[in-house]
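Reader: Can we go through this one together? I'd like to start with how handedness is assigned.

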Amino acid sequence: MRYDITLVVNGIVRRVGVPARRLLSDCLRHDLGLTGTHVGCEHGVCGCCTVLLDGEPVRSCLTFAVTVDGRQITTVEGLAGPEGMSPVQRAFAECHGLQCGFCTPGFLCTATALLRQNPTPTDEEVLEGISGNLCRCTGYQNIVKSVHRAAELMAEEEGR
Amino acid sequence: MKPAPFDYYAPRDLGEALDVLAEAGEHGKVLAGGQSLIPLLNMRLAAPERLVDINRIASLEPFEVTPDGVRIGALARHSQVERSEGIAAVQPLLRQALRLVAHPVIRNRGTVVGSLVHADPAAELPAVLALLGGSVRLARAGGVRDVPAGEFFTGPLESALEPGELAVSAHFPRLPERTGSSFVEVARRHGDYALAGVAAVVTVDDDLRVSEARVVCVGVGPVPLTADVSGWCERRPASTVDWAAVARAVQDRTEPEADIHATAEYRRHLVGVLAVRALTEAARHAL
Ligand SMILES: Cc1cc2nc3c(=O)[nH]c(=O)nc-3n(C[C@H](O)[C@H](O)[C@H](O)COP(=O)(O)OP(=O)(O)OC[C@H]3O[C@@H](n4cnc5c(N)ncnc54)[C@H](O)[C@@H]3O)c2cc1C
Ligand code: FES
Ligand code: FES
């Protein structure tokens, strides 16, 4: 059986027919063609499938698309604004917060939500915030730097 | 891998959910936060025929502070309970435990009640319920029953929940006066299930002598292992209790098993170290 559901993805209303067992991650990637959301482990460990559900970060591989019918989803494709990349994206580029980039969509979504909730996180709060995301390349140091740098960029933009 | 197909129901009220579960019997399964169930479905370790998604049943959402503790509804997410100052004021052990449950992103979806029903032997929340002597409220078409923690956890990943039943809420009693709590654990990585963990509650009397001390251990048995160690404290002031001796008494009761993550011996060692930490911290908070 197929379910007709409506998701507001990155501000755009999308209607899609899916079987109940369709994971949100697969719905985004396969049904909607938004392949920015990456899939690593499909059991909640790696964090690279993290998207924002009504602004809150969740694992899209541990969510059925039918469960979130009618809700707002933000994927990595939706982070940039009309003026270009978001402060978090710019900070990751500036601080070399990525190498291969596989984990990056999850880190960007997680960090975006973290900084919205806590605009001036301590080192410890950053570590706790990103503790559910794995990166095989960077060794995390530059990711932590990127999150702090993003906080600075956001504060500067607020001040302007 | 992907989940096997299933029939999907997303009722909007409890009665409808209970009817579907009654009809489905042992072929039915409840989907709450999905943070334990969906990994099992993805890996095809579970393949229920019917899934009852309770995420649209608004009456299951709230949690409330009651005169004798905290009642947490089936859809209260870990993160909501962790953030609640009202809950932290009457039952601080919940926040102490929730900070050790997985990662913040998983806590945004996972539910407290789901964690109790899932009954992982290394999980924190079943241990908290067992230590505090709380209970789980189970509803079925035509009836409701409250099951005390001591009877609720029946084995690894096994609870007293029967086919056709839905856990609607759980009750965690409040901490008595002059009582402190603590939850400590060792995991391979922060956020993983613990290799071993110990939670403690310690009560002191008017002369600040330890009148009651209880612990619960996780990861060292099929279900949370509780122990009343009040006698070992000999009603001494917290600063002169021989906590190491108390911890050895706790250690002696555990029967940890070895697996790829740790030997039984190492787990037993951890319980000793963690029991001292948990008890001394709880005693400090009691003063
Ligand atoms: C990477 C990762 C790390 C984790 N680490 C930890 C950890 O360290 N400690 C820990 O405790 N947990 C951990 N978890 C599990 C997490 O806490 C889950 O959220 C929790 O165990 C289950 O809650 P849920 O709401 O997601 O339940 P679900 O996954 O929806 O359900 C789990 C089980 O409970 C049943 N169930 C759920 N709710 C009800 C109900 N109301 N009535 C009847 N049956 C119900 C379901 O049918 C299913 O069998 C981790 C999960 C992941 C993915
Ligand atoms: S793919 Fe979802 S957490 Fe790894
Ligand atoms: S940049 Fe390669 S996994 Fe993180």
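Author: A crossing counts as right-handed if the near helix is turned clockwise from the far one by less than a right angle, and as left-handed if anticlockwise. The model here is a predicted one. In it, α2(A) crosses α5(A) in the right-handed sense.

Reader: At what angle do α2 and α5 of chain A pack, and how far apart are the axes?

Author: The angle is about 135°, and the axes are 8 Å apart. Helix α2 of chain A covers residues 87-94, and helix α5 of chain A covers residues 141-159.

Reader: What do you call that arrangement of α2(A) and α5(A)?

Author: Oblique. Angles over 145 degrees would count as roughly antiparallel, and 65 to 115 as roughly perpendicular, so α2(A) and α5(A) are oblique to each other.

Reader: Which residues meet there, α2(A) against α5(A)?

Author: From α2(A), they are P87(A), V88(A), R90(A), A91(A), F92(A) and E94(A). From α5(A), they are I143(A), S146(A), V147(A), R149(A), A150(A), L153(A), M154(A) and E157(A). By class, that contact of α2(A) with α5(A) has nine nonpolar, one polar and four charged residues.

Reader: And α3(A) on α5(A), what are the angle and the axis distance?

Author: Helix α3 of chain A, residues 104-117, crosses α5(A) at roughly 45°, and the axes come within 11 Å. That makes α3(A) oblique to α5(A). The crossing of α3(A) past α5(A) is right-handed.

Reader: How do the residues of that α3(A) and α5(A) contact divide by class?

Author: Into nine nonpolar, no polar and no charged. On the α3(A) side, F107(A), A111(A), L114(A) and L115(A) take part, and they meet I143(A), V147(A), A150(A), A151(A) and M154(A) of α5(A).

Reader: Switching to the interface. How many residues of chain A and chain B are in contact, and what area is buried?

Author: 30 residues of chain A contact 31 residues of chain B. The buried area is about 2,400 Å², with carbon and sulfur atoms giving 54% of that.

Reader: Which residues in chain A lose the most area to chain B?

Author: R21(A), L62(A) and F64(A), which together make up 26% of what that side buries.

Reader: How many salt bridges between chain A and chain B?

Author: Three. One pairs E42(A) with K2(B), where the closest N and O atoms are 2.4 Å apart. Over all chains the count is 24 salt bridges.

Reader: What about E82(B), what does it pair with?

Author: R99(B), with the closest N and O atoms 3.9 Å apart. The pair links distant parts of the chain, 17 residues apart: E82(B) is in helix α3 (residues 78-83) of chain B, and R99(B) is in the loop between α5 (92-98) and α6 (104-107) of chain B.

Reader: Last one, α11 and α12 of chain B. What are the angle and the axis distance?

Author: Helix α11 (residues 243-253) and helix α12 (residues 264-286) of chain B cross at roughly 130°, with axes that come within 8 Å. That makes α11(B) oblique to α12(B). The crossing of α11(B) past α12(B) is right-handed. The α11(B) side of the contact includes W243(B), V246(B) and V250(B), and the α12(B) side includes H269(B), G272(B) and L279(B). By class, the contact of α11(B) with α12(B) has 10 nonpolar, four polar and one charged residues.

Definitions and conventions
Residues numbered from 1 in each chain as written. Chains lettered and ligands numbered in written order. Predicted model: local features only at pLDDT ≥ 70, side-chain atom pairs only at ≥ 80, totals over all residues. Heavy atoms only, no water. Axes fitted to C-alpha atoms, helices over the stretch in contact; angles between N-to-C directions. Helix = DSSP H or I, 4+ residues; strand = E, 2+ residues; numbered from the N terminus. Parallel < 35°, antiparallel > 145°, perpendicular 65-115°, else oblique. Contact = heavy atoms within 4.5 Å. Nonpolar A, V, L, I, M, F, W, Y, C, P; charged D, E, K, R; others polar. Buried area = accessible area lost by both parts, 1.4 Å probe. Salt bridge = Lys/Arg side-chain N within 4 Å of Asp/Glu carboxyl O.
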